[in-house]
Amino acid sequence: MVVQAKTAPFRADHVGSLLRTEKLLQARKEYQAGQITDQQLREVENQEISYIVDKQIEVGLELVSDGEFRRRFWHTDFLEHLHGIEGYVPNTGFIFNEDEETERYDVRNIGKVSFNPDHPFLQDFKEFNAIVDGRAVAKQTIPSPNQLFNRSIRDESVYPDIEVYAQDVIQTYRDAVKAFYDAGVRYLQFDDVYIAGLSSPDIPFNDGEFSREYLIDLALKVINAVLEDKPEDLVVTTHLCRGNYRSNWAFEGSYDLIAPTLFAKEKVDGFFLEYDDDRSGGFKPLDHIPAGGPRVVLGLITSKHGQLEDKETIKQRVEEASQYVPLDQLCLSPQCGFSSTHHGNKLTEEDQWNKLKYIVALAEEIWG
């Protein structure tokens, strides 16, 4: 069954990933040790996805995700199943705040890039959607096409011209969007650390072949070309993230540098934006969001710790944001997922569900 997602993103929404349950983590350990089969692991995954679907509905959400329960990382599991991309173990992981190094795993370009019509995420969604069974809108998250423009990925011997690479990435994602739509997806989210990085002064762009301005324009061209012929009843959003690994973050920076281009012109139905602390800057860049255009989902509730935010502070911040974007165009969510990687953030499952229930209650109070 396909549930239409015309009103997505919802007043109370969430980014996607959820803390892996103990049963799932144990099953993965047993699988890696050769103690259970692929099928046995999948049965546990489906049981635990069914559990978290019920929990999301129980706390009052109108959308549900599969928690990214079949993934190790928010992005690599999808990207490594594209033609021309492979997963590998680099010499170092990504370096986060206070020099925390992530688990070492990444993807790289090894040939011409195209969509794999047998991509496992398609079957994953069909099974997830069957579990949801029309009780809510089933949300599918995948990494943005712009993630493939991180410096370490493109093989210049395969793609000496970045514009040719961009055309293949665009076609890959156009095919992906169509395949997900045909599988029943009506609410699709692109997760994007790359374009958040384009707005960070912490990340230099004067030591490479391309300027920051060129890459911002290219990022816009890629997204809009991917969405050029998307079905009218498919809702697509972009989630911007500055890193989310075991409650740590990778970089800082407001949205000032990207807002005039991406906020003003990106043809998505909504932006999920981090606003849980000072790392994201103020609301002024939201002035570039077109009136009556994309919804802005304010990530005012942190997924990095379990303490509930002060209600009046959140309501005041929504009021501040409404000076730049009409209140009717705003929504509320956590700033990121609760478990962008299998490690999870440093809070309990009870904390997680309390946060989501709190968002539902706040949204009801703010928007009615």
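**Cavities, pockets and helix contacts**

Mentor: Helix α4 (residues 120-132) gives the most to the lining of the largest cavity, with 3 residues. Please keep in mind throughout that this is a predicted model.

Trainee: How many cavities of 30 Å³ or more does the structure hold, and what is the volume of the largest cavity?

Mentor: The structure contains 2 cavities that reach 30 Å³ or more, and the largest cavity has a volume of about 70 Å³.

Trainee: Which residues line the largest cavity, and how does its lining divide by class?

Mentor: Around the largest cavity are Asp66, Glu68, Arg70, Arg71, Phe121, Asp124, Phe125 and Gln140, and by class this lining comprises 2 nonpolar, 1 polar and 5 charged residues. Glu68 is placed in the loop between β1 (63-64) and α3.

Trainee: What is the volume of the second largest pocket, and which residues are the closest to its centre?

Mentor: A pocket, unlike a cavity, is an open set of points. The second largest pocket here has a volume of about 390 Å³, and of the 18 residues that line it, Arg28, Arg42, Glu45, Arg70 and Asp77 are the closest to its centre.

Trainee: Turning to helix packing, at what angle do α4 and α5 pack?

Mentor: Angles under 35 degrees count as roughly parallel. Helix α4 and helix α5 (residues 162-183) pack at an angle of about 25°, with their axes 9 Å apart, which makes α4 roughly parallel to α5. The crossing of α4 past α5 is right-handed. On the α4 side, Phe121, Leu122, Phe125 and Lys126 meet Ala179, Phe180 and Ala183 of α5, and by class this contact has 6 nonpolar, no polar and 1 charged residues.

Trainee: How do the axes of α5 and α7 cross, and which residues make the contact?

Mentor: The axes of α5 and helix α7 (residues 212-226) come within 8 Å and cross at roughly 30°, and α5 passes α7 in a right-handed crossing. From α5 the contact draws on Ile162, Glu163, Ala166, Ile170, Tyr173, Arg174 and Val177, and from α7 on Tyr214, Leu218, Lys221, Val222, Ala225 and Val226. Sorted by class, the contact of α5 with α7 has 10 nonpolar, no polar and 3 charged residues.

Trainee: Are α2 and α4 roughly parallel or oblique to each other?

Mentor: Their axes come within 10 Å and cross at roughly 45°, and α2 and α4 are therefore oblique to each other. The crossing of α2 past α4 is right-handed. Arg42, Asn46, Ile49, Ser50 and Val53 in α2 meet Gln123, Asp124, Glu127, Phe128, Ile131 and Val132 in α4, and the residues of this contact divide into 5 nonpolar, 3 polar and 3 charged.

Trainee: Finally, where is the cis peptide bond that involves Pro9?

Mentor: A cis peptide bond joins Ala8 and Pro9, with omega at about -5°, and Pro9 is located in the segment before α1.

Note on methods
Residues numbered from 1 in each chain as written. Predicted model: local features only at pLDDT ≥ 70, side-chain atom pairs only at ≥ 80, totals over all residues. Heavy atoms only, no water. 1 Å grid on protein atoms, 1.4 Å probe; cavity = no way out; pocket = protein on both sides within 12 Å on 5 of 7 lines; lining within 4 Å. Points joined across faces, edges and corners; volume = space filled by probe spheres on them. Helix = DSSP H or I, 4+ residues; strand = E, 2+ residues; numbered from the N terminus. Nonpolar A, V, L, I, M, F, W, Y, C, P; charged D, E, K, R; others polar. Axes fitted to C-alpha atoms, helices over the stretch in contact; angles between N-to-C directions. Parallel < 35°, antiparallel > 145°, perpendicular 65-115°, else oblique. Left-handed = near helix turned anticlockwise from the far one by under 90°. Contact = heavy atoms within 4.5 Å.
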